[in-house]
Amino acid sequence: MDSSSKDHHVPAPDVGPDGAKLSFRSELDSTHYTVVDEHWAGGVPAQYGVAPRVRIGRSKWFNLLWLIPIGLLLLIIGIAVAKGIRELPAVADFIHQYPGESELPDNAPVGFPAWVGWQHFLNLFLMIFIIRSGVTIIADHPRFYWTRHSTPGKDWFRMQKPVPSDPLYTAKQDSITLPDGVGLPGRRHSIGLARWWHLGVDTLWLLNGIIFYILIFTTGQWMRLVPMSWDVIPNSISVAIQYLSLDWPVENGWVNYNSLQVIAYFITVFIAAPAALITGLGMSPALSTRFRRISSVFSIQLARSLHFLVLCWFVMFIVIHVTLVLTTGALRNLNHMYAARDDDSWVGFSIFAASMVVVIVGWVAATPFTYRHPRVVQKVGYALIGPAQRLFEHLDSKPGQYSEKDISPYFWHNGKYPETEEYKQLEAGSFADYKLRINGLVENPVELSLEQLRALPNHEQITQHFCIQGWSGIAKWGGVSMQSILDVVKPRPEAKWVIFYSYAVGPDGGIYYDAQPIEQMSYELTMLAYDMNDDTLSFGHGAPLRLRNEVQLGFKLVKWIKGIEFVEHFSDVGGGLGGYNNDHEFFGYRQSI
């Protein structure tokens, strides 16, 4: 990291006037990172996955690249069959009876208003960033599951090799690299930046969608997008035969879409778009933990898989839509879409071409800009999605959603394991000499051994873990609630944030830490866990002590805790952004979505 890409905060004093050590701030890395270069995140090496695969049966995997030749073969067969049956009397009569047009009420509008043009452009422009960043998010955990248990071998889709037998293999190790022109960004484990793009642009896309809904319902354009009778089904079959026989149906989109178009537009506008929002919210730890009746059925992994299928629908729709627009009368179609006119002039094409220049420039520039100005991406993304995150993180929950029969058979390990001599000595002694230092803005600073922690009121909960990478798992945690800790140390009124320090050293150096709002320390499902699934917490899952805060994503639930400090604000702790991943990898200190 060169000097142009970093500066240094002056750390707050680590020793009080009486010489007592106050915190672990001197062990933090206070570098302020402002670029993504070859040294970023400790120089995480590229790792490429495999071609997308779908599981068939229990253990067979189908390489989806085979769909390309299979699809071409089926298309050729379909064309041959359609051409062959097109001249059959029964099929000819069917097409004559159902030519393909959909029915419209007499008061249906004719033509396209001017706002349809900018809606087309904005939807396309925003969607490219949503799709590209979404693919990067997928690459961080390139597997999909139907149940809330992210068990290797039970995934139904993957872009990665089978999980190795190494018991300490981490989810971060499983992440893969994408080409920079495909992912946004493409680097391995750049999910922090990808999420700012994805969630931030999502808010703009949703705003644009709300405006679109208002306009189609106030202008009557909705009638062109909604099937008005069951005749749409035979008419759509007729249209499909006509398309496949390469004898295009008579198009008059200015007045009315054909039935196949109506079905496609209806699914896209009224099913896929709302499903994208609902399945996206279904992956929020705060919402899933709060709305238990819904999330008990609609699990995070079901939501994630369906969200992926919605992505596939949009990609397929875009490809087919653009292909048909350009092959069934490009000039007239582009005039309809971009110029609000029904003729064969070049006006619509000119506007379309100019818009494509903007789209291409945006596509090419997005990843390099992200690498050079990640803090700008982070700030803009947070400005867009931050209000929703602040709203959702205030949703407390109660225990009791899961029972022991729901515990996941496999719970992924994650994070960079502690390797210091200090930790190794404590582990070798079964943490008999372990002391948890709790101080800062408290009336009663303490150092507690594991024995003393176990003597505090025992707290147990069975809850679901949400990793920012996309995997989840249910476990039973035993330990002490943070409310009990608050009762012991008595935070001062000016204490607004709680800093958790780890024995683990991050990829760039300096110990791992994270800041949590003090209000969440009183939540019923916020605790310090020293047991997991009725056994002592294991090394891989954070021994001797880890944080559980069920309205936050997993990277904020610090493992291998060595100390806790109550502060007024986190701005003078570490890099000043509220956590190690925030300082180094551009995550956010609010991550309830």
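Reader: In which helix is the place of Asn208?
Author: This is a predicted model: local features need pLDDT of at least 70, side-chain atom pairs count only at pLDDT 80 or more, and totals for chains, interfaces and linings use all residues. Residues are numbered from 1 along each chain as its sequence is written, and side-chain values use heavy atoms, with hydrogens and water left out. Helices are DSSP runs of H or I with at least four residues, and strands are DSSP runs of E with at least two, both numbered from the N terminus. Asn208 sits within residues 191-219, which form helix α5.

Reader: Is Asn208 buried or exposed?
Author: Buried means under 20% relative accessible area, exposed means over 50%, and partly exposed is in between (1.4 Å probe, protein chains only). With a relative accessible area of 5%, Asn208 is therefore buried.

Reader: Which residues is Asn208 in contact with, leaving aside its neighbours within four places in sequence?
Author: Contact means heavy atoms within 4.5 Å. Once the neighbours within four places in sequence are left aside, Asn208 is in contact with Trp118, Gln119, Leu122, Asn123 and Leu126.

Reader: How many residues of strand β11 are buried?
Author: Strand β11 covers residues 526-532. The strand is mostly covered, and the number of its 7 residues that are buried is 7.

Reader: Over how many bridges do β11 and strand β13 pair?
Author: Two strands pair if DSSP finds at least two bridges between them. Strand β8 (residues 472-481) pairs with β11 in the antiparallel sense over 5 bridges, and Ser481 has Met527 as its bridge partner in β11. Strand β13 (residues 546-549) is also antiparallel to β11, with Arg546 as the bridge partner of Ala529. The number of bridges between β11 and β13 is 4.

Reader: Which residue in the turn between β11 and β12 has a positive phi?
Author: Strand β12 (residues 535-536) runs antiparallel to β11 and is joined to it by 2 bridges, and Met532 stands opposite Asp535. The two strands form a hairpin with 2 residues between them. In the turn, a positive phi of about 55 degrees belongs to Asn533.

Reader: Which residue forms a salt bridge with Asp342?
Author: A salt bridge is a side-chain nitrogen of Lys or Arg within 4 Å of a carboxyl oxygen of Asp or Glu. Here the closest N and O atoms are 2.7 Å apart, between Asp342 and Arg332. Asp342 lies in the loop between α11 (330-339) and α12 (347-372), and its partner lies in helix α11, so the pair ties together parts that are 10 residues apart in sequence. The partner of Asp342 is Arg332.

Reader: How many salt bridges are found in the whole structure?
Author: Another pair joins Asp343 to Arg341, with the closest N and O atoms 2.9 Å apart. The side chains of Glu419 and Lys416 also meet in one, at 3.7 Å from N to O. A search of the whole structure gives a number of 20.
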